[in-house]
Amino acid sequence: MPFRNRLLAVGLAAMLAGCVNLQAISTYAESAAGVAGATDAAKRWRDSDKKLREQRLDGDVCPIGYTGRLPQAQFDAAYDDAEKLHQAMSAYFTALGELASDQLPDLAKTAAPSLEGIKGAGAKASPEEEAAVQGLFALLQRGLDAYRHKKLRELMTSSHGDVARVLGLMRKLADVYAEGLRGERIQAINFVKCEIGQSDLGDKYLGRRELVRVGADYDKALSAIATYKAALQKLADDHDRIRGALAMDRDAMTRTLKAIAATAKELDKAHDAVAKL
Amino acid sequence: MTDTTLAYSADELVQLAKALDDMAEAMPVGTPGPDGLTAMRWSQSLGGAAQNLLLMAQRDYLADTTEPLADIVVTTKEATAALAKIKAIDKIVEVVGDVMLLATVIWLQKWNLVLPTVKELRNDIRSV
């Protein structure tokens with residue numbers, strides 16, 4: 001290999017060696033897929049009547065549970081539809097993560113055997129030539145990175161409108177589930193109040209304690225749904241930021257992606273909170 | 001708003017469900033004796049109606065429906081505010097009964113019955 005070409009290959013490889021590691025996007029997308037795919041809030045809403053009725057014990061005087069509620073099968077069907085939406089969104093983020101991850105074949109590693117082959121055939125390879133060959137393979141690897149980067153940018157640009165719309169829809173659905181749970185809280189508390197009203201004086205002390213306990217349980221669940229809803233908003237914002245970052249210069253992109261990777265932990269926390277519903 | 005169709009949005013269905021839940025919360029369920037039990041049963045019906053409206057909203061969100069239900073939301077809110085002033089259980093039952101009927105005609109999508117029901121509810125609120 002002429003020295004000039006060798007120098008060019010090594011030089012180009014060195015220039016591209018600082019190519020942005022898209023692993024940050026991959027890590028983030030994994031958390032995003034988790035929170036976007038979480039159907040726990042929808043499930044909790046679907047099972048609301050059952051949960052409410054579970055609170056009644058033998059000997060209770062007051063009735064509990066919704067009356068005139070449409071058949072459970074309709075709530076089950078509504079949940080199934082919502083689940084499809086979550087699955088689609090989760091699949092999208094998973095795809096994004098896979099595209100950004102280092103799953104593509106590592107060409108640099110396949111360079112060594114080829115070079116060994118040359119040596120075995122009796123040809124002499126100088127350290128400089130060896131470095132040049134390694135450099136060329138590294139260059140190919142960088143090419144794949146660039147391809148991945150470009151594909152990622154294309155995917156995120158073409159999907160951006162839909163992603164924003166669906167995440168917006170998911171936030172609205174989260175409002176439905178939150179109101180469902182608030183309504184359930186009111187029913188559960190009314191039940192305890194009713195029992196206090198129907199009981200003798202001795203039970204009223206315990207009844208008041210029960211009121212506090214039931215209220216606190218629901219408040220915890222409502223707060224988990226609020227955290228989940230905030231995470232969906234974050235997801236929409238981050239999608240926009242990642243998309244923007246892919247069009248930035250290397251340093252700005254690295255900084256932005258680092259910042260976004262830090263928020264992945266928040267998404268995981270939101271996912272964990274809602275999973276406890 | 002016409003006789004046979006009613007423009008509404010899923011957002012407004014959620015607001016209406018909220019108003020019904022608030023109304024359930026305002027029911028005097030802690031009253032000793034049969035009045036407390038009656039109030040509890042109405043609270044359960046209001047809760048059930050709210051859940052049905054939420055189901056309708058959820059479906060509409062998924063179907064991307066957007067239309068206004070503002071009049072009814074406002075009226076139901078007024079009704080809830082009026083509840084606080086009512087002392088007699090039979091008067092409460094009258095107002096809540098109207099609200100329940102209203103919620104029912106909405107989820108059954110009997111739009112021609114919505115306007116007369118709203119009118120009836122307004123009359124009952126005024127007479128409180």
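# A guided tour of chains A and B

From the N terminus on, chain B runs α-α-α-α-α. Of its 128 residues, 51% count as buried. Among the contacts in chain B with a separation of 6 or more, 74% are made by residues 24 or more positions apart.

**Helix H5 of chain B**

Next, select residues 111-126 of chain B, which form helix H5. How far apart should its ends be? At 1.5 Å a residue, the 16 residues of H5(B) should span 22 Å, and the end C-alpha atoms are 24 Å apart, which agrees.

Now show the side chains of Val114(B), Thr117(B), Leu121(B) and Ile125(B), the buried residues of H5(B). Viewed down the helix axis, these buried residues fall within an arc of 75°, so they line one face of H5(B). An α-helix has 3.6 residues a turn, so residues three or four places apart point the same way.

Turn to the face of H5(B) that points away from the buried side; the exposed residues there are Asn112(B), Lys119(B), Asn123(B) and Arg126(B). Pick out Lys119(B). Is Lys119(B) buried or exposed? Lys119(B) is exposed, because 12 other C-beta atoms lie within 10 Å, and a residue with 12 or fewer is classed as exposed. From Lys119(B), draw a distance to Asp98(B): the two are 21 residues apart in sequence and 9.7 Å apart in space, C-alpha to C-alpha.

**Where the chains meet**

Display both chains together. Here 32 residues of chain A are in contact with 31 residues of chain B. On the side of chain A that touches chain B, helix H5 (72-100) and H7 of chain A each supply at least two residues. H7(A) gives the most to this side, with 17 residues. By type, the residues on this side of chain A divide into 14 nonpolar, 11 polar and seven charged.

**The largest nonpolar core**

The next selection is the largest nonpolar core, which has 94 residues. Those touching the most other members are Ile25(A), Tyr177(A), Ile225(A), Tyr228(A), Leu20(B), Leu53(B) and Ala57(B). Helix H7 of chain A, residues 127-198, gives the most to this core, with 16 residues. In soluble globular proteins, nonpolar side chains tend to be buried together.

Centre the view on Ile25(A). Which residues does Ile25(A) touch, not counting those up to four places away in sequence? They are Leu96(A), Ala100(A), Leu152(A), Ile242(A) and Leu257(A).

**Helix H9 of chain A**

Move to residues 250-275 of chain A, helix H9, and find Lys269(A) within it. Lys269(A) counts as partly exposed because it has 14 C-beta neighbours inside 10 Å; a residue is buried at 20 or more and exposed at 12 or fewer. Lys269(A) and Ala252(A) are 17 residues apart in sequence and 27 Å apart in space, C-alpha to C-alpha.

**Confidence in chain A**

Finally, colour chain A by pLDDT. The mean for chain A is 79, and 74% of its residues reach 70 or more. Over residues 6-19 of chain A, pLDDT stays under 50, and the model has 20 contacts beyond four places in sequence for this stretch. Residues 104-115 of chain A also have pLDDT below 50; beyond near neighbours in sequence, this stretch has 15 contacts in the model. Where pLDDT is low, the predicted coordinates should not be read in detail.

How values were computed:
Residues numbered from 1 in each chain as written. Chains lettered and ligands numbered in written order. Predicted model: local features only at pLDDT ≥ 70, side-chain atom pairs only at ≥ 80, totals over all residues. Helix = DSSP H or I, 4+ residues; strand = E, 2+ residues; numbered from the N terminus. Contact = placed C-beta atoms within 7 Å. Core = buried A, V, L, I, M, F, W, Y, C linked by C-beta atoms within 7 Å. Nonpolar A, V, L, I, M, F, W, Y, C, P; charged D, E, K, R; others polar. pLDDT = per-residue confidence, 0-100. Expected span 1.5 Å × (residues − 1). Arc of directions from axis to C-beta.
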